[in-house]
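Here are my notes on the model, as numbered points. Have the coordinates open while you read.

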Amino acid sequence: MNQSIAIPSIVSLEHILPEEPLLMMGAGPVPLPQKVAAANSIVINHLGETMSKVIRQVKDMGRYVFQTSSSHVLGVAGPGSAAMEMAIANLIRPNERVLCICNGYFSQRLAELTRRVRGEAVILETRPNEGVDVAEVERVLQTGHFDAITLVQGETSNTVHNKHLAEVAQLGKRYGCLVIVDAVCTLSTMPLEMDNWGIDAIITGGQKGLSSIPGVSLLAFSEQAWNKKIANRQELLFHWCLDAQLADRFWNQSSYHYTAPVSGILALHEALRLVCEETLTKRFGRHLRCSRALQAGIEGMGLELLIAEPHRLNSVIGIVVPEHAAADNVRNYMSQVHKVEISGAFGLNILRIGQMGEQSRAHNLFRTLHALGSSMRASGVKLDLPTGMAELERVLSTPLPT
Ligand SMILES: *Cc1c(COP(=O)(O)O)cnc(C)c1O
C-alpha cells in the first residue's frame, strides 16, 4: 500500500445535508412521492421473471404517458441528456441535415448533440423569450431538404413554451422530416400526443414532470422511425451504451445489454403508476390550476413574470428579480430561513419555480410563495405579500374553465 495516500478525513452525510430536508421547488430534481422513494431503495436481479414483469409494465405505462402504441419504448441508465443523446445518435446519420429549433439552453443542446454525431445542425432561433413560429419553420423547410427537426416542448432554462409543437410536428411530417421532441420538463404536466401529433421520438428524464429520481430516463421511437433508421442499420454506432438495437435486447427481449439500474427502474415504475392512477387528464388539470394560481400569486405581490402569457411555460415559472436585488441572495435566504429551494437561471437575474409533479400541490405552493415574498422583502424588494397569498388562494379554489 502507498503510505502517502492516507485515509481521507470524511464526515458523515448528516453533517453535510441540511438538518431539515429542503422543499425542492426549483427546476428539478423535484420531491419524490413516498412510494417512489421506497422503490428506489430496493435491489432485485436485473434479469429474470420479476424484472420482466416490471419492464413490461413500465413500457405499457410509458405508452400511455407518451400517448403512443409504438413497441419501441426504452429506458436508459443516464440523465435526460443521455436519452437526448440516444435519440439523436440513433436517428441522425453523418451529413444529414437537421433543423434545430432553439429557444434556449436545452434546445441548443439538441443541436450540439446533432453536431457531435456529424449531422449538419441548421439553427432556427426563435425570437427572445418566445415560442416557435410555425410559419417561420415552414419558410426554412422550403429552403432545402431536411432529414429531421428537433425541438423542446418546454424550454426549462428561460421558461418558454413551444405551444405550437403539434403544428410543427405535422409540418415536419409533410416535409418528410423525423420529428424529435425533448419533453424532459413537461411530460405528464401538459398534453403531448406522440401518435396523434406525428412525433418520431420523445425524450424524458426522471426528475422533472414524472417526479422520479434523476439518472434513469425514458424515450420512445415511433414505429416509422424505428423501421427507417434503427431496425436494419448495418453500420456500428459510435455509442455502445446508447445503441437502440442493443437496448432493445433488454427492453423487448428480456436479455442482457448492460446491468439495468434496477432501483431507478423500480422508482420509475412507481412514478408512472402514480401518473396512471391519477390519469393524465386529472394530472394536466392539477398542473394547470396550480401553476396559474402560483403565477397569479406572484403577480399579485407585485412581481413580474419573465415570459408573456402567450409563450409562457406552466411547468417552470420564471420570475424577474427587481434590479436592486440579486437572485442568488433571495435564493440563499429562501433555503436558509424557509427551507425552500428554488432555481436561478444560467446568469440571468431571474428565479425559477418548478410546477412539475409533486411540486404542484397546494400545500407546497403556499409555503413556497410565502417564502419567496418574505425572502424578496429581506433583499429590500417592496411587495404586497398578503395580496399575493390571497390571489394564490383565490385561483386555487376557482374551477378551471372547461
Ligand atoms: C432538465 C432538462 C434536460 C436535461 O436533463 P438532465 O437530466 O439534466 O440531463 C433536457 N431538456 C430539458 C427541457 C430539461 O428541462
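**Notes on the fold**

1. Let's start with the four-stranded sheet: it is open, its strands come in the order E11-E12-E15-E14, and the pairing is antiparallel. Strand E11 (304-305) and strand E14 (343-345) are at the edges with a single partner strand each, so one side of each has no neighbour in the sheet. On terms, helices (H or I, at least four residues) and strands (E, at least two) are DSSP runs numbered from the N terminus, and two strands pair if DSSP finds at least two bridges between them.

2. Before going further, the housekeeping. This is a predicted model, in which local features need pLDDT of at least 70 and side-chain atom pairs count only at pLDDT 80 or more, while totals for chains, interfaces and linings use all residues. Residues are numbered from 1 along each chain as its sequence is written, and side-chain values use heavy atoms, with hydrogens and water left out.

3. Inside that sheet, strand E12 (residues 316-320) and strand E15 (residues 348-354) are joined in the antiparallel sense by five bridges. Contact here means heavy atoms within 4.5 Å; axes are lines fitted to C-alpha atoms, for helices over the stretch in contact, and angles run from 0 to 180 degrees between N-to-C directions.

4. H14 also has a helix partner. Helix H14 (residues 362-378) packs with helix H15 (residues 385-396) at an angle of about 160°, the axes being 10 Å apart. That makes the two roughly antiparallel (angles under 35 degrees count as roughly parallel, over 145 as roughly antiparallel, 65 to 115 as roughly perpendicular and the rest as oblique). Residues in the contact include Leu365, Phe366 and Leu369 of H14 and Met389, Leu392 and Leu396 of H15. By class, the contact of H14 with H15 holds nine nonpolar, four polar and two charged residues (Ala, Val, Leu, Ile, Met, Phe, Trp, Tyr, Cys and Pro count as nonpolar, Asp, Glu, Lys and Arg as charged, and the others, Gly among them, as polar).

5. Is glutamate 358 buried or exposed? At 17% relative accessibility, it counts as buried (buried is under 20% relative accessible area, exposed over 50%, partly exposed in between, with a 1.4 Å probe and protein chains only). Leaving out neighbours within four places in sequence, glutamate 358 is in contact with Pro31, Pro33, Ser211 and Asn364.

6. Now the seven-stranded sheet, which is open, with mixed pairing and the order E2-E10-E9-E8-E5-E3-E4. Strand E2 (72-77) and strand E4 (120-125) are its edge strands, each pairing on one side only. The twist averages 20° from one strand to the next. Helix H3 (residues 49-66) packs on this sheet, touching E2, E9 and E10, and its direction makes about 65° with that of E10.

7. Two pairings to compare in that sheet. Strand E9 (residues 201-204) and strand E10 (residues 216-221) pair in the antiparallel sense over four bridges, with isoleucine 202 opposite alanine 220 in E10. E3 and E4, on the other hand, run parallel and are joined by six bridges, and cysteine 100 has isoleucine 123 in E4 as its bridge partner. Five of the six residues of E3 are buried.

8. Over this part of the sheet, helix H6 (residues 134-141) lies across strand E3 (97-102), E4 and strand E5 (148-152), running at about 160° to E3. H6 packs with helix H7 (residues 165-174) at an angle of about 20°, with the axes 10 Å apart. H6 and H7 are therefore roughly parallel to each other. The contact is made by Val134, Val137, Glu138 and Leu141 of H6 and Glu167, Val168, Leu171 and Arg174 of H7. These divide into five nonpolar, no polar and three charged residues.

9. Last, leucine 242, in the loop between helix H9 (223-230) and helix H10 (244-253). Leucine 242 counts as buried at 10% relative accessibility. Its C-alpha atom is separated by 7.6 Å from that of valine 76, 166 residues apart along the chain. Not counting residues up to four places away in sequence, leucine 242 touches Val76, Ala82, Glu85, Met86, Asn90 and Leu237.
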